[in-house]
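These notebook entries record what I looked up in the structure.

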Amino acid sequence: MLNSISVTKPYLPSLSEYIHKLEEIWQTSILTNNGNLHQLLEKQLTEKLNINNISLIINGTIALELAIQALELKGKIITTPYSFVATANSILLSGLEAIFIDIEDDGFNIDPDLINEINDKDVSAILPVNVYGIPCNNERIEKIAKDKGLKVIYDSAHAFGVKKNGESILSWEDISTLSFHATKIFHTFEGGAVVTKNENLYNKIAQLKNFGFHSDGDIVTLGTNGKMNEAQAAMGLALIPYIDEIITKRKQRFNLYIEYLKNIPGIKLLSIPDDVEYNYAYFPILIQQDFPLTRDEIFNRLQENGIYPRKYFYPLITDFSLYKNYNIISKYKIPNARKVADAVICLPLYPDLSESDISNICEVIKIIYTN
């Protein structure tokens, strides 16, 4: 049996580097409320990601809720069942309804053609997800949104640093949100962000995440406490110098998996489009019908060998008890999402994962296949 290998492991700077950032907090005694480190992290992230505006948020779920509120959305939002539950929860927590439609036939992202088929006067927006950091078809989505008069919020929790045709996908209309959870390639323990090139929306997010305060001290809108604190910002600042190294190491390990697994029948590997500069956030495989074991059988066998992958995303959002009782679900069929959810396994992937560990993981899969 191998030593225990988890699906992910947070990248951490040296403790001394983080403590050095914390010392700045002790010097100012500012712990939150748009402190110096918060402002510096926003500045460095706009430069690193080549974007116009970024507003740091306490976590990725609140970032989605603030995006919905800033756009003043009403009624219903079209989204995908193939995502982490926070995507849909943000809609319901905002008092709106979710319409779940299927993903593309040969991918993981929402199918734009199905968006176009929905003619519901109560729909105000589309909330696509750039699943595993692979960009969705934004050109088609934004064309449909424009034709139907809808807003677009991209859940880009997985897409830190991803570019399409040389440009950051975070700059797409109208808003993108990020997660800086500890499991992401860039993290602030917990955390998130809202990205928009619209200056008015950026200023509105700043108010909404700070209880609705205006600069003159008046409350001008109904806001919440969504601010990132200085200790979180300190972790982000300590990590930024390592981002390129983190992505490079993840790419190396990603490519090792490809080399070891590419010739095993019944395993479908992630395909990165030629026009995409990827961040190597995940390594999903799909177990096809011609593989001798089911996905769940392989998953269990891996765990028996001390390997702990993740069925990500399984179950579908629409299969959770809360959403099973949510009456809008049955209106649209989602066969592609169900097929992928029943076949997916995300294998361990992080910068410290050794080549020997990857070799051993793949050897276990080969043994499972041959036996």
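**Salt bridges and a surface patch**

I counted the salt bridges and found 17 in the structure. The model is a predicted one, and I read every entry below with that in mind.

Entry 1. I looked up Asp 244 and found a salt bridge to Lys 48, with 3.0 Å between the closest N and O atoms. Asp 244 belongs to helix α9 (residues 243-261) and Lys 48 to helix α2 (residues 36-49), so this pair ties together parts that lie 196 residues apart in sequence. I noted Asp 244 as partly exposed, at a relative accessible area of 49%. Lys 48 is likewise partly exposed, at 33%.

Entry 2. I examined Asp 319, which forms a salt bridge with Arg 338, the closest N and O atoms being 2.8 Å apart. Asp 319 sits in the loop between β14 (307-308) and α11 (321-324), while Arg 338 is in helix α12 (residues 335-341); the two are 19 residues apart. Asp 319 is partly exposed, with a relative accessible area of 24%. For Arg 338, also partly exposed, I recorded 34%.

Entry 3. I found Glu 259 and Lys 262 joined by a salt bridge of 3.3 Å, N to O. Lys 262 counts as partly exposed, with 45% relative accessibility.

Entry 4. I noted a network of salt bridges that links Arg 295, Asp 296 and Lys 311.

Entry 5. Which residues form a nonpolar patch on the surface? I found Phe 211, Phe 213 and Ile 219, which together have about 260 Å² of accessible area. Ile 219 is located in the loop between α7 (199-208) and α8 (230-239).

Key:
Residues numbered from 1 in each chain as written. Predicted model: local features only at pLDDT ≥ 70, side-chain atom pairs only at ≥ 80, totals over all residues. Heavy atoms only, no water. Patch = residues over 30% accessible without salt bridge, like charges linked within 9 Å, V, L, I, M, F, W, Y side chains within 5 Å. Areas by Shrake-Rupley, 256 points an atom, 1.4 Å probe, with all protein chains shown as cover. Salt bridge = Lys/Arg side-chain N within 4 Å of Asp/Glu carboxyl O. Helix = DSSP H or I, 4+ residues; strand = E, 2+ residues; numbered from the N terminus. Buried < 20%, exposed > 50% of the residue type's maximum accessible area, 1.4 Å probe, protein only.
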